[in-house]
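Colleague: I'd like to learn how to read salt bridges in a model like this one. Could you walk me through it?

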Amino acid sequence: MGDAVIKLMVTIVDRGRSSKAVDLFKAAGLPFHYACLGHGTANSDILDYLGLGETQKDVLLTAVPEPAAHGLLVRAAEKLQLSSPGKGIIFTMPLSSVSGVVSKILNRSAAREDWGREQEGTSMAEKGKNDLVVVVVNHGCTALLMEAAQAAGARGGTVLHARRLGYEEGERSGEGAVRPEKEIVTILVPRSIRQMVMERVSKTAGINTQARGILFSLPVDEIAGLALAEPQAEV
């Protein structure tokens, strides 16, 4: 039997709480997890429900072999108390490939654990019904794009601060100057409204606007910690 597929597990919790997930992943023999600092953004009406308002967040990225993904997601959700509103969210996404050395290390870890017992029914993990919309915009344009996303049914998102690399000195001047400071906004949505969200955001904060937004979406395999309804977009 060949090596198992590797997945990316994303954990978004309030600042400082990701250490609990790291402890769990380390105990499972997983060495590859990386933390980013960000903040949440959500409509004030659902702030308490989502726990994704203007609060400081830890975004933890962990490489996980597929046989371990479901069990670890369930364990992490329990340890982080994600069944309670406002505690955070955890989800997995497929990866097309990883380096051979990393794959071997992760698969050795999976082989030491009996993950099969975790594969049967858990109600807290929703499978294959969601997508992660990623928008890269100029600094200061997050509120604009989130208004558009929420009008299409999105509930909230997480913002990471970034900087464009490789731009030329000459691009700094003039009306069409490229701004190196960027914000990466990640919005988890039901697959049924993904296209509508992306169309609204593109129209308001896309590449042809002042926000200069670049959009793409990624499939999500499993998710725990947030019950995603499928709201109707405003007309």
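Modeller: A salt bridge here is a side-chain nitrogen of Lys or Arg within 4 Å of a carboxyl oxygen of Asp or Glu. This is a predicted model, where local features need pLDDT of at least 70 and side-chain atom pairs count only at pLDDT 80 or more, while totals for chains, interfaces and linings use all residues. Residues are numbered from 1 along each chain as its sequence is written, and side-chain values use heavy atoms, leaving out hydrogens and water.

Colleague: How many salt bridges turn up in the whole structure?

Modeller: The search finds 7. Take Lys7 and Glu66: their closest N and O atoms are 3.8 Å apart. Lys7 sits in strand β1 (residues 6-14) and Glu66 in helix α3 (residues 66-79), 59 residues apart. Helices (H or I, at least four residues) and strands (E, at least two) are DSSP runs, numbered from the N terminus.

Colleague: Is Lys7 buried or exposed?

Modeller: Buried means under 20% relative accessible area, exposed over 50%, and partly exposed in between, with a 1.4 Å probe and protein chains only. Lys7 has 12%, so it is buried, whereas Glu66 is partly exposed at 38%.

Colleague: Which parts does the pair of Asp221 and Lys7 tie together?

Modeller: Those two side chains meet in a salt bridge at 3.1 Å, N to O. Asp221 lies in strand β8 (residues 214-224) and Lys7 in strand β1, so the pair ties together parts 214 residues apart in sequence.

Colleague: And Asp58?

Modeller: Asp58 bridges to Arg15, with the closest N and O atoms 3.1 Å apart. Asp58 is in strand β3 (residues 56-65) and Arg15 in the loop between β1 and α1 (18-27), so parts 43 residues apart in sequence are tied together. Asp58 is buried at 6%; Arg15 is partly exposed at 36%.
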